[in-house]
Amino acid sequence: MSLHVDDLLTGHRPSRAGAYRLLQYAVLLVGLAAMAAVTMRGLQPGTRTWLHLCLWACLAFFAAQLVIKVWPRGGAVGQTNYLFTGPGLIDTLAVLPIPIALLAGVPADTAWLLGSLWLLKLAAVLPGLSLLGRVIALEARPLGSVLVIFLIVLVLGSVALHVAEREVQPERFGSLPQSLWWAVTTLTTTGYGDAVPITFAGRLVAGIVMICGLGVFGLWAGILANGFAAEHRRRDFVRNWNLVARVPFLRELDPTAVIELTRMLRRIDLAERTVVVRRGRPGDCMYFIAEGEVEVQVEPQPVRLGAGAFFGEIALLEGAPRTATVITTAPSTLLILEVSDFRAFTAMHPDLALAVEKAAASRAGIKKSSAATNDQSDA
Ligand code: CMP
């Protein structure tokens with residue numbers, strides 16, 4: 001792909017929301033550091049006072065955040081419903097438990113440990129967390145099956161170890177709960193080594209349990225990785241589908257072709273004045289403009305292409321370097337079609353190939369005639 005990220009002519013300016021989020025993270029970091037520091041022994045009284053001041057300042061910040069969110073806006077309607085939402089609950093947990101603990105007479109250093117609840121604020125803003133929740137929900141069946149295998153190996157392994165080792169090591173394997181502890185540490189591949197079988201039968205069982213432990217965790221990791229990949233594909237497909245619908249040229253294809261193409265396209269969001277392709281560079285993809293606008297820098301006049309248009313096809317058709325530099329003139333969303341997908345798709349759908357070739361021929365024609373005009377005027 002010929003996108004030059006370092007070709008950004010103007011960078012993004014952080015939005016106010018972004019700056020506010022950064023401030024929230026900074027307060028969180030300072031608060032957690034102060035909470036950890038205050039637990040250290042041998043602190044000077046002055047340092048301890050400063051740390052407590054710092055913790056109070058962080059608590060005040062989070063309290064102010066909560067008040068702003070529940071403060072009635074736009075008339076008499078209050079936002080108290082916010083308190084009963086997930087983020088509202090997290091904001092409340094970040095503010096109320098510490099003063100309640102202090103008022104209940106819990107020592108200050110212990111009460112401030114409740115500041116660890118501030119970390120939940122991160123969970124509220126992490127987009128990956130909702131993705132994880134969805135993957136777990138979708139993969140609940142296979143994950144549950146592996147959990148059942150885990151439990152079967154756990155119980156059978158601990159019973160076998162109990163039988164094999166109870167006579168020789170009654171202090172470690174004398175009861176089933178003791179053997180279960182060994183099975184949990186072995187099956188989870190933690191292996192503290194505080195309980196080790198010494199009989200031949202015990203070691204044989206231990207070997208089987210260890211191998212099963214690796215298998216179970218391998219299966220869990222595989223199921224989750226597969227679930228994440230499938231969910232990403234699903235989300236990309238839905239997003240691309242909506243974008244493809246905005247490109248009239250693609251909308252005219254038959255539905256199965258649109259589905260096929262939607263799977264091939266990759267979306268990219270670009271800021272204004274980003275160089276997308278640079279003249280003379282090799283090209284290995286073409287672009288459809290779903291949103292925004294680009295400027296093709298050709299002589300004598302630059303050409304502007306808006307939503308629904310495409311560019312970058314000449315290099316793919318002719319196997320030649322890019323014929324012009326293309327820059328976004330507004331924040332734009334482009335759909336990228338890689339050369340291998342372009343070839344596969346146009347082989348199956350000659351109508352698209354024809355339309356692209358026609359556009360390329362007319363653009364190349366314009367370029368040639370403007371080059372000829374330049375040559376004549378040079379002469
Ligand atoms: P390519 O040469 O791969 O990369 C630059 C792209 O700019 C080119 O493909 C065309 O898609 C586009 N382009 C070149 N000349 C013109 C033109 N005269 N009008 C519109 N687009 C053009």
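Begin by selecting Pro300, which sits in the loop between strand S4 (293-297) and strand S5 (303-306). Helices (H or I, at least four residues) and strands (E, at least two) are DSSP runs, numbered from the N terminus. Before moving on, please note that this is a predicted model, where local features need pLDDT of at least 70 and side-chain atom pairs count only at pLDDT 80 or more, while totals for chains, interfaces and linings use all residues. Residues are numbered from 1 along each chain as its sequence is written, and side-chain values use heavy atoms, with hydrogens and water left out.

S4 and S5 form a hairpin with five residues between them. The two strands run antiparallel and are joined by four bridges; strands pair if DSSP finds at least two bridges between them. Select Val294 to find Leu305 of S5 standing opposite.

Next, select the ligand. Which residues are closest to the ligand? Among the 15 residues that surround the ligand, the closest are Gly312, Glu313, Ala315, Arg322 and Thr323; a residue is near a molecule if one of its heavy atoms lies within 4 Å of it.

- Arg322: a polar side-chain atom lies 2.7 Å from an oxygen atom of the ligand.
- Gly312: a backbone N or O atom is 2.8 Å from an oxygen atom of the ligand.
- Ile314: a polar backbone atom is 3.4 Å from an oxygen atom of the ligand.

On its own the ligand has 460 Å² of accessible area, and the protein covers 98% of that; such areas come from the Shrake-Rupley method with a 1.4 Å probe. Color helix H14 (313-318) and helix H16 (350-378), the elements that give two or more residues to the shell around the ligand. By residue type, the shell divides into nine nonpolar, two polar and four charged. Here Ala, Val, Leu, Ile, Met, Phe, Trp, Tyr, Cys and Pro count as nonpolar, Asp, Glu, Lys and Arg as charged, and the others, Gly among them, as polar.

From there, select His349, in the loop between helix H15 (339-348) and H16. Is His349 buried or exposed? His349 is buried, with a relative accessible area of 11%; buried means under 20%, exposed over 50%, and partly exposed in between (1.4 Å probe, protein chains only). Not counting residues up to four places away in sequence, His349 touches Asp254, Ala257 and Glu260, where contact means heavy atoms within 4.5 Å.

Jump to Thr186, found in helix H10. Thr186 is buried too, at a relative accessible area of 10%. Leaving out residues up to four places away in sequence, Thr186 touches Ala206, Val209 and Met210.

Thr189 lies in the loop between helix H10 (176-187) and helix H11 (200-244). Check the phi of Thr189: the angle is near 60°, a positive value in a residue other than glycine. Thr189 is partly exposed, with a relative accessible area of 47%.

For the last stop, select Arg273, in the loop between strand S1 (266-270) and strand S2 (275-277). Arg273 is not a glycine, yet it has a positive phi of about 60°. With a relative accessible area of 33%, Arg273 is partly exposed.

Methods. A polar contact is a pair of N or O atoms within 3.5 Å; within protein, one must be able to donate a hydrogen and the other to accept it, and residues adjacent in sequence count only if both atoms are side-chain atoms.
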